[in-house]
Each structure stands twice: as structure tokens, then as C-alpha cells.
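The entries below follow the order in which I looked them up.

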Amino acid sequence: MPRYSSNGPRDAQIVDDADMGFTKLNMRMRADQLPVGTLARSENGRLDIDGSWQPRKAIDVFGPILATGNALQLPFDLDDAGTPPALSEDLTGVYGAGLFSNPYSTGSDYIVLAGSNKAVFVKVSDGTSTDVAYPATDGVTAECDVLQAFNYVFILRDGEVAFQWAATSASITGSFTYVSKGAYTQPLTFGTSGNFACTNGLVTVTEASHGLNVGDEFVIIDPDGTGLVANDTFRVATSASGSFTFYANIPDHSSKTIIFGRKQSVGLGFSHMPTPPWAVYQSRRLWMPYKWTMAGTSGTPVITSRNVLDELIASDILDQNTYDTIQDQFVIASGSADYIVGLKPFADDGLIVFCRNSIHLVQGTVDTSTAQVKEITREVGCVARRSIVTVGNSVLFLSDNGIYSLDFGDLYNLRGASLPLSESISPIIARINPSYASKASAVFHDNRYYLAVPLDSAVTNSTILVYNFLNSSWESVDSVATAAATAFDARWLIEAGASGINRLFYVSASGAIHEADALDSFQDTLALEVAQPETQHDVPSEVALRGYTYGVIDKKGWNNVEVHVESSASVASNASLSLEIVNPDDSVQLESITEMLGSTLAANEDATLRTRTGNYRGYSGQLVFTPTAGRPKLRAVKIGAALAMKSQQSNT
């Protein structure tokens with residue numbers, strides 16, 4: 001029915017505008033320029049597939065936190081005496097973290113914390129932890145990289161010999177050891193008379209001190225008419241003291257003499273792992289920056305800086321201890337004064353090399369003798385190695401100008417987007433602390449790209465930007481309460497599972513592990529300080545809608561607001577509402593859900609609520625919805641106003 005039976009010459013009929021749902025966030029444009037369904041601000045919120053906005057689920061403490069002067073210990077409540085429980089062995093910090101998935105047990109994912117003098121494997125399924133010792137008298141004193149490859153967990157230390165730990169069973173046992181170190185001894189050749197026999201394709205080689213293990217690769221040097229071909233390579237099938245076997249499609253033979261050995265280097269000899277700061281696994285090889293040389297002896301290795309920052313080196317296939325310094329070495333950005341920031345494996349046997357001011361592609365990583373380096377672009381580079389994430393046919397990363405995406409239209413060509421993916425949240429990108437931007441960390445989880453960054457004066461990753469791939473838009477700027485923001489640190493973002501759906505974890509330099517989206521609650525539970533109990537903080541969520549103008553620049557008399565809200569399944573909800581009026585500027589506090597409804601909105605209930613706005617006047621009106629209890633969904637909004645210029649009264 002009509003609002004009035006008739007309208008006089010000075011009357012202005014109430015007109016309505018509405019948003020039936022929300023799909024994206026745009027902080028770059030003015031609120032009054034935004035289209036229907038676009039949010040001007042979203043703090044700690046999520047956009048559902050039905051178009052509703054809702055506060056994120058709460059963060060919860062999951063794993064250990066360091067205790068000063070004591071070992072890694074789980075978060076705790078103080079006992080009656082006020083004394084925290086303590087374990088043995090001092091730890092002074094966590095310098096790296098990564099994921100280990102045990103190949104000997106399904107559903108056994110671990111978050112590996114590289115502490116100062118030991119590593120801690122935290123089992124995702126139940127939160128239990130196991131200490132794994134480092135080599136005696138050695139430890140980690142600076143940021144390191146934790147990497148799983150070749151059935152090993154590596155702790156890579158820039159300019160220092162890396163640690164390795166081998167998985168041998170469903171249990172976490174044993175200790176870290178050093179990778180091979182010192183000068184590399186050129187492989188020996190073997191050719192004992194009558195060492196070769198073949199029956200039905202199974203070759204047995206009898207050779208003392210052959211030094212080969214199952215899976216090792218060796219080269220035929222002289223085949224002695226056996227049907228083998230010189231320079232062909234094979235892998236060991238079985239190995240025993242004094243003999244080994246392999247398979248070959250050749251006739252039966254007995255008492256032949258072949259000469260064989262490990263593969264020889266191309267010209268300058270092999271090297272052991274050259275103490276990289278980090279590495280990636282691609283095409284059964286480890287790829288890493290080639291910053292250092294390794295010489296000396298295994299007992300006293302000599303590590304020397306090459307003073308080169310734009311070269312890569314790759315390991316031999318399935319061999320972390322062998323690097324050919326000619327064939328497997330690649331110069332990436334020669335002559336451009338650029339340096340390597342990160343690497344990312346890519347489709348079709350490619351490896352993307354992110355430099356600080358350019359991006360390149362190594363094509364053909366299986367056979368390094370024919371691999372080629374191609375430049376993709378000099379228009380953009382990467383700021384933070386851990387911001388690089390693969391999502392479908394795109395690779396996302398943080399650059400100086402925002403978050404960019406490299407997409408491929410086919411299996412051969414990478415194409416950079418002309419505009420940054422973060423264009424719509426550019427005001428937030430501009431606040432990233434440039435001195436600590438290199439610490440930014442990202443992960444792809446639940447169809448979202450999470451990027452943790454330090455904003456303003458923060459020196460830790462205290463803010464998390466969330467991009468929703470289902471909506472193809474940014475949806476939230478996540479943070480914790482102001483009282484906890486300085487101490488909160490999402491240094492490493494790790495996705496891990498436990499025989500079910502993968503979960504997202506934030507790991508801090510203090511050793512705290514927090515699980516994101518863990519609780520249907522309005523309070524985060526955080527472990528922020530060592531040797532202190534965990535604390536609870538309200539989630540500071542808020543959403544600001546577009547500025548309603550009704551398509552005209554005239555002043556309006558703001559009449560009413562109607563909202564459709566819904567509570568989460570298990571928690572009662574409340575929220576405050578305000579109307580931000582522009583020109584003249586004013587902030588009108590409206591009734592809360594509780595005041596409009598007479599009580600909190602019960603769990604699993606929805607409601608349509610309407611409140612008057614006091615007929616304040618202004619050009620644009622923007623609704624701000626601030627949850628104060630539970631996790632209320634905002635499903636739809638309607639705002640009614642009248643054009644005010646028809647009145648002969650003052651417009652102020």
C-alpha cells in the first residue's frame with residue numbers, strides 16, 4: 001500500500017534502495033561510487049555463497065609456545081601456585097616452520113618447528129609433539145627454511161650446512177644429521193673382471209665396495225658387448241655387500257666385464273649442497289640459489305660466499321648431495337643488477353623464477369642439459385618469497401605495486417595481468433610496512449588466498465588479507481583485537497590435514513600455533529607471550545556498505561533502515577547499527593538487534609528488523625553493521641529516504 005494517501009507540493013515521497021546480497025569488497029573507490037552488492041569495508045568477515053556477510057570464525061590456540069628458559073610446552077592455565085609447567089632443554093625461538101606428511105602413515109601431517117636447538121614435530125590430528133635433536137653442539141640462530149623432499153625433512157640454513165632427517169616408519173624417531181659436506185670426491189669407476197651376469201633381464205653385478213644403494217643412479221662406461229650402451233644410465237634395484245642388481249632389456253650373459261660408475265661432472269666437478277637459504281622441489285630435484293661454495297673436509301667444511309645473487313643450481317635427480325656446477329647451474333638475471341627472491345614449480349616441466357624486479361621461466365627441468373631460461377617480464381617483481389602461491393592456472397605473489405597474478409592461457413606461455421589483483425584494496429596495500437614486507441606469507445585454503453602482511457608500523461604479520469576465488473574478489477581484512485595486535489604474528493601460514501579436510505594454521509616466531517576459523521565463537525583464544533596463559537579477545541568484525549545516493553546528488557532526508565539478519569547455528573547474536581551520512585557529515589547511532597528485537601537473536605534463527613533513522617539530512621547514507629555477540633549474518637539491507645530539497649526549510 002502507498003505510504004501516504006496523497007503528497008503535497010512540499011512533500012517528498014519516501015524512496016527505497018536495497019542490497020539483496022554482497023559479493024565483493026572495494027576499498028579504492030568512494031563508498032557512493034560503489035555498485036549494488038559491493039562493500040566499502042569488511043573487517044574479519046566472510047562472504048557466503050548465498051551473498052550474506054558474516055564474521056569469521058574465531059582463532060584458537062592449537063600447538064606449543066616457547067617458554068623462556070624451558071622447553072617447548074603446550075599452552076596452559078596457571079596452577080594454584082601460579083607456576084607454569086616446564087619441560088627440559090632451553091629454546092630461544094622458532095626460526096622456520098613447514099609441513100611434513102609422513103609417507104608411512106595416512107593422515108599423519110605434522111607441523112615442523114625449527115627451534116634454536118631442536119626441531120619439534122607437532123601432529124595435526126591430536127596436537128601431540130615429538131622433539132627431534134640436531135647434530136651435537138649445533139643449532140639454528142637465524143631464519144631458515146623447512147622443506148620435505150626425497151622422504152627427508154631438510155632444515156636449510158643460509159651459509160651453513162643443512163640438516164636432514166629421514167622418515168623410516170609411522171613414528172617420529174631418530175635425529176637430524178648433516179647433509180654431505182666438504183669437498184666432493186669425484187665418483188670412482190669399477191670394472192672387476194667377470195663382474196657381469198644377466199638372466200631374463202635381471203643383471204647382477206659383483207663388485208666389492210660399489211657403494212650403491214637401492215635407487216641410486218649409475219652410468220655404463222664400457223658395456224663389453226653385453227647389449228648395453230655406453231653412457232646409458234640405470235638405477236639400482238637391489239643392493240647387498242659386494243653386489244647389486246638392475247634390470248635391462250638385453251640377452252642373457254655370464255662372466256662379462258663391464259666398467260661402470262657414478263655419473264661424472266661436466267667440467268668443474270660436483271659439489272655437495274651449497275648451503276642455500278631455501279629450496280624448492282621440482283622434477284625430482286632440489287632447486288636453490290647458488291650463493292655459496294662448499295670445500296674443505298667433511299669434518300671442517302669451508303663455506304665461501306660467491307657474491308652472486310642471480311644464479312640457481314639444481315641437485316642431481318633424487319640426490320640431495322650431488323650438484324653439477326656447470327650443467328645444473330643457471331644464470332637468471334645477468335646484467336640487470338637483479339636478484340632471486342623465490343621459485344615456484346610450474347606446469348609442463350617449468351620453474352618460475354621470481355627476482356626482485358623481474359620474472360623468468362626455466363623450461364625443461366627434468367633434463368638440465370637442454371633446459372632454457374626465458375624472461376617473462378621486467379615490469380614487475382616479487383617482494384616476498386612466501387607470498388608466492390599457485391592457485392589453479394594462476395600464480396599469485398606480492399610485488400611493490402600490490403598482489404599480482406601470473407596466468408597461463410596454454411601450457412607454454414605465462415602472461416602477467418596488466419592490473420594488480422589487489423587493485424580494489426589498494427589503500428590497504430599502501431599501508432604495508434616496506435621494511436618488513438619481505439616477511440609476508442601466504443597460502444591457498446578453502447578456495448581463498450590468505451596473505452599475512454605487516455601494516456603501518458607493525459614488524460610482524462599482524463594482518464591477513466583474504467581473497468575469495470568463488471566470488472573472484474577480496475572479501476576481508478582480518479586482524480585480532482587491538483590489545484593483541486602487536487604480539488600476534490602469522491609468520492608462517494601452513495595448510496595441513498588429519499585424515500579429513502585440511503585446516504589452516506598460523507605459526508609465530510615464539511612457537512605458538514594458532515588454528516584459523518576454528519571456533520563458532522565471537523572470541524579469539526590466543527597465545528601471545530611465552531610462559532603466559534592464553535587470553536581471549538573479541539573478534540573486531542565490522543562491515544560498511546556502499547553509500548546510498550539513489551542516483552542523484554541532492555540531499556536526502558534519511559527515514560528508515562531495514563535489515564535481514566540470521567544467527568549462526570550454535571551461537572546467539574547481536575550487532576549495533578549506525579548510519580554514516582556524508583555532506584553534511586554525521587554519524588547516527590541506530591538501534592541494535594537486541595533493541596529492535598527485544599532480545600538477542602537466538603542461535604539458528606533469522607529476523608527482518610526495521611528502525612527509524614531520525615530524518616537526518618545528507619547527500620549519501622552508508623550503513624555500518626558491527627557484531628557485538630555471536631556471528632550474525634547480514635543477508636540484505638534496505639534504506640528509505642526522501643529528497644530533502646523540495647522543502648522550503650533549512651537543509652542543515
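I began with Trp474, which counts as buried at 1% relative accessibility; buried means under 20% relative accessible area, exposed over 50% and partly exposed in between, with a 1.4 Å probe and protein chains only. The model is predicted, so I note that local features need pLDDT of at least 70, side-chain atom pairs count only at pLDDT 80 or more, and totals for chains, interfaces and linings use all residues. Residues are numbered from 1 along each chain as its sequence is written, and side-chain values use heavy atoms, with hydrogens and water left out.

**Entry: aromatic rings.** I searched the whole structure and found 30 aromatic pairs. Rings of Phe, Tyr and Trp (its six-membered ring) pair if their centres lie within 6.5 Å; planes under 30 degrees apart count as stacked, over 60 as edge-to-face and the rest as tilted. Phe100 and Phe121 form an edge-to-face pair, with 5.9 Å between centres and 80° between planes. Phe100 belongs to strand S8 (residues 94-101) and Phe121 to strand S10 (residues 118-123), so this pair ties together parts 21 residues apart in sequence. Strands are DSSP runs (E, at least two residues), numbered from the N terminus. I recorded both Phe100 and Phe121 as buried. Tyr467 and Trp474 also form an edge-to-face pair, at 5.1 Å centre to centre and 75° between the planes. Tyr467 is buried, at a relative accessible area of 7%.

I then looked up a cluster: Phe100 and Phe121 share one aromatic cluster with other rings, including Trp165 and Tyr178.

**Entry: charges over rings.** Lys181 lies over the face of Tyr178, 3.7 Å from the ring centre. The criterion is NZ of Lys or CZ of Arg within 6 Å of the ring centre and within 35 degrees of the ring normal. I noted likewise that the charged end of Arg306 sits over the ring of Tyr290, 3.9 Å from its centre.

**Entry: a sheet.** I traced an open sheet of five strands, ordered S21-S22-S18-S17-S23 with antiparallel pairing; two strands pair if DSSP finds at least two bridges between them. Strands S21 (238-240) and S23 (253-256) stand at the edges with a single partner strand each, so one side of each has no neighbour in the sheet. Between S18 (residues 202-206) and S22 (residues 243-247) I recorded five bridges. Thr204 has Thr245 in S22 as its bridge partner.

**Entry: a loop residue.** I located Val229 in the loop between strand S19 (217-222) and strand S20 (233-235). Val229 is partly exposed, with a relative accessible area of 46%.

Technical notes:
Helix = DSSP H or I, 4+ residues; strand = E, 2+ residues; numbered from the N terminus.
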